[in-house]
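Reader: Hi! I'm new to reading protein structures. Could you walk me through this one?

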Amino acid sequence: MSKDLHPTMDPTKMGAGRSIAVLTSGGDAQGMNAAVRATVRVGLYTGAKVYFVHEGYQGLVDGGDNIRPATWESVSMMLQLGGTVIGSARCKDFRSREGRMKAACNLVKLGITNLCVIGGDGSLTGANEFRTEWSGLLADLVRAGKITEDEAKKSSHLNIVGMVGSIDNDFCGTDMTIGTDSALHRIIEVVDAITTTAQSHQRTFILEVMGRHCGYLALVTALACGADWVFIPEMPPDDGWDNHLCRRLADQRARGSRLNVIIVAEGAISRDGKPISSDKIKKLVTDRLGFDTRTTVLGHVQRGGTPSAFDRILGSRMGVEAVMALLEATPDTPACVVSLSGNQAVRLPLMECVQVTKDVTAAMAEGRFEDAIKLRGKSFENNWNTYKLLAHINPPDVKSNINVAIMNVGAPCAGMNAAVRSAVRMGIIQGHNMLAVHDGFDGLAHGQVEPINWTSVSGWTGLGGSQLGTKRTLPAKCMEDISQNIAKFNIHALVIIGGFEAYVGGLELVQAREKYEEMCIPMVVIPATVSNNVPGSDFSIGADTALNMITSTCDRIKQSAAGTKRRVFLVETMGGYCGYLATMAGLAAGADAAYIFEEKFNIKDLEVNVEHLLEKMKTTVKRGLVLRNENSNANYTTDFILNLYSEEGKGTFDCRKNVLGHMQQGGTPTPFDRNFGTKMGAKSVLWVTEKLKECYRHGRIFANTPASACVLGMKKRALTFQPLADLKGDTDFEHRIPKTQWWLKIRPIMKILAKYNIKLDTSEHADMEHVIKKRTTLGN
């Protein structure tokens with residue numbers, strides 16, 4: 001969003017006199033509806049006219065009833081639907097100039113000069129071609145007498161903005177395309193289900209996932225379920241892979257594993273370019289090893305179902321950015337795609353992204369596989385490297401004689417076990433002895449420490465909660481006992497996985513270095529809490545799972561409210577004093593309001609919300625959803641707000657409440673939390689290994705610099721290590737939250753999408769970037 005174009009421009013007048021059309025094209029993807037909804041509502045908010053184009057480019061060519069005005073209410077109740085409500089179709093007509101002339105004529109007649117296209121690279125390339133030849137098409141239409149000179153002048157320039165909707169995540173330059181996270185949810189549900197039956201019968205399962213030219217889904221699935229092998233088109237296996245695969249499977253069985261999982265992308269190939277099918281692998285495993293082997297081809301299941309919380313938020317944020325990009329575009333601005341990088345909204349030149357995507361295909365065709373992986377972007381490359389490290393290397397013969405202890409601290413959350421598993425395995429690969437500390441600092445003080453090996457953590461990625469056990473006890477009360485046990489078990493480094501208690505505990509251990517030399521060891525804190533309130537990281541392990549739990553519950557509640565009519569539901573979420581869950585769930589579930597501690601509210605604000613709901617009941621959307629963070633206000637409690645709404649809404653609507661409670665801490669981890677935990681665990685141990693080398697003096701380890709005790713966090717676009725001591729200044733210890741929180745900036749989007757008349761801050765601008773420069777680290 002821009003500050004350089006209209007520094008004092010009122011965002012509610014930016015679109016006055018302009019018209020925007022939105023269409024979905026190519027294969028459908030979950031989350032497209034969220035993008036359509038946000039584009040329509042933000043377009044209307046800016047004062048623009050907004051049109052739906054039904055059935056993709058075919059609707060653009062056919063015109064007539066396919067291009068219809070969109071209203072605020074017409075996009076209601078579509079946020080939780082998979083697919084695309086406005087339809088998508090492959091269109092031959094648009095490929096011909098004649099077809100594009102018809103499309104141009106239809107747009108000119110309606111005065112539409114801004115087009116928002118949600119689709120894959122083919123759809124977006126088509127849109128760019130349309131824009132390039134726009135003036136030529138208009139000239140031809142004037143000559144043919146289809147439009148007047150005056151109409152041509154009014155529509156002299158076409159602005160195009162793209163959003164990438166594709167479950168394959170095959171578009172270069174974007175971290176995550178709309179639909180990818182939801183497709184991973186579908187795949188992981190199936191993997192979890194298959195795992196239980198495979199273990200019962202000691203079977204080998206081969207799972208084929210979508211991805212004709214891109215192995216992202218296969219790769220992340222393999223990471224998230226700890227698969228024995230993955231086949232992806234970007235990196236065919238080395239010659240002799242068949243022997244290697246059989247050796248690996250037999251080795252896993254010898255170690256006591258009851259199942260093997262092999263993930264295959266549908267476009268998997270060998271070094272000589274021949275396809276590697278799931279049937280081919282099945283024949284190999286059955287013939288060579290005699291294992292009971294089954295194949296499952298997932299197919300279109302991956303495209304279906306309700307979108308994940310991430311895809312809804314991604315679609316909503318992209319929709320807002322797309323409208324701003326359209327309204328700020330000049331005739332000289334290249335067509336762009338809006339995308340997320342880390343948690344930052346970015347704009348990228350469309351054709352640069354298309355070019356890099358084509359470069360990947362060319363690299364694969366020419367056998368330059370290392371280049372193909374690099375061109376896919378930093379996120380893909382990191383996933384590949386982490387997978388290789390955790391799956392492919394046998395533990396070294398030479399031991400390091402280093403003991404690394406791992407513990408969970410604070411409340412349990414989904415994804416903790418994935419982080420423990422990857423940290424344990426990465427430590428073993430580095431030659432360390434790994435120690436498990438049970439029940440947090442309490443366990444460390446009482447000597448609940450035991451060795452943990454490679455097979456101890458098998459199958460942990462998909463388990464919710466904390467297998468090691470966790471407690472909220474802080475170390476200050478038992479520092480003497482902790483220091484004695486660090487000495488007794490000869491612990492050389494500590495990996496602490498947990499929430500705000502892990503962070504405070506880490507700080508207490510650092511302070512204790514002055515008194516206890518045993519504390520002078522490298523330490524790393526990995527944020528893992530549903531509250532997402534640990535300083536030094538934009539995201540915590542576990543928050544995505546909790547967010548999906550809240551969102552799916554809100555979907556059910558909305559369904560009930562829509563059926564009953566004239567009913568408002570008040571939902572209380574966890575998070576301590578941190579409003580992350582309430583805000584993000586509000587955006588993902590389409591809430592009317594979300595009360596949080598960070599954004600103070602008074603009786604006037606509550607009154608505004610009541611009036612807003614009273615107005616809403618006059619429309620066709622006769623229901624309301626309001627979220628409240630558990631500690632948002634000591635006096636305006638959930639019951640107080642419930643009573644206030646019930647009294648004020650008398651005769652117009654009635655009110656019900658839901659307190660979600662500890663179900664937010666449970667459940668199996670989402671693909672994001674499994675993958676994020678896996679990467680954080682692996683990265684923390686690699687960092688500890690480097691620190692131990694730096695701190696080795698005269699035959700012993702001595703680490704007392706601030707940089708030897710860090711939080712590993714995701715900041716904007718990278719995983720970074722920040723000294724615990726440096727983060728103290730950014731911490732509100734009383735309320736257990738960071739003083740600066742990135743997600744507060746996206747709260748206005750939720751309010752605008754709920755039709756509040758507020759001002760959107762257009763000063764923070766997502767500048768046009770270049771793809772070659774932009775490479776990010778997290779992805780999913």
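Author: Happy to! Let's begin with helix α12 (residues 350-365), which lies across β10 and β11 and runs at about 80° to β11. Keep in mind that this is a predicted model.

Reader: Okay, and what is the order of the strands in the open sheet?

Author: The order is β3-β2-β1-β4-β5-β10-β11, seven strands with mixed pairing. At the edges sit β3 (67-69) and β11 (344-349), each of which pairs on one side only.

Reader: How many bridges join β1 to β4?

Author: Five bridges join them, and the two strands run parallel. As one example, V22 has C116 in β4 as its bridge partner. Helix α4 (residues 121-132) packs on the sheet too, touching β4, β5 and β10. The direction of α4 makes about 160° with that of β4.

Reader: Nice. New topic: at what angle do α9 and α10 pack?

Author: At about 65°, with their axes 11 Å apart. Their crossing is right-handed.

Reader: Which residues make that contact?

Author: From α9 they include W241, L245 and L249, and from α10 they include I281, L284 and R288. The residues of this contact divide into nine nonpolar, one polar and two charged.

Reader: One more: is N408 buried or exposed?

Author: N408 counts as buried because its relative accessible area is 0%, under the 20% cut-off. You'll find N408 in strand β12 (residues 403-409).

Reader: And what joins the side chains of N408 and S466?

Author: A polar contact of 2.7 Å. Beyond its close sequence neighbours, N408 is also in contact with other residues, among them M416, V420 and I497.

Terms used. Residues are numbered from 1 along each chain as its sequence is written. This is a predicted model: local features need pLDDT of at least 70, side-chain atom pairs count only at pLDDT 80 or more; totals for chains, interfaces and linings use all residues. Side-chain values use heavy atoms; hydrogens and water are left out. Axes are lines fitted to C-alpha atoms, for helices over the stretch in contact, and angles run from 0 to 180 degrees between N-to-C directions. Helices (H or I, at least four residues) and strands (E, at least two) are DSSP runs, numbered from the N terminus. A crossing is left-handed if the near helix is turned anticlockwise from the far one by less than a right angle, and right-handed if clockwise. Contact means heavy atoms within 4.5 Å. Ala, Val, Leu, Ile, Met, Phe, Trp, Tyr, Cys and Pro count as nonpolar, Asp, Glu, Lys and Arg as charged, and the others, Gly among them, as polar. Buried means under 20% relative accessible area, exposed over 50%, partly exposed in between (1.4 Å probe, protein chains only). A polar contact is a pair of N or O atoms within 3.5 Å; within protein, one must be able to donate a hydrogen and the other to accept it, and residues adjacent in sequence count only if both atoms are side-chain atoms. Two strands pair if DSSP finds at least two bridges between them. Lists of a residue's contacts leave out its neighbours within four places in sequence.
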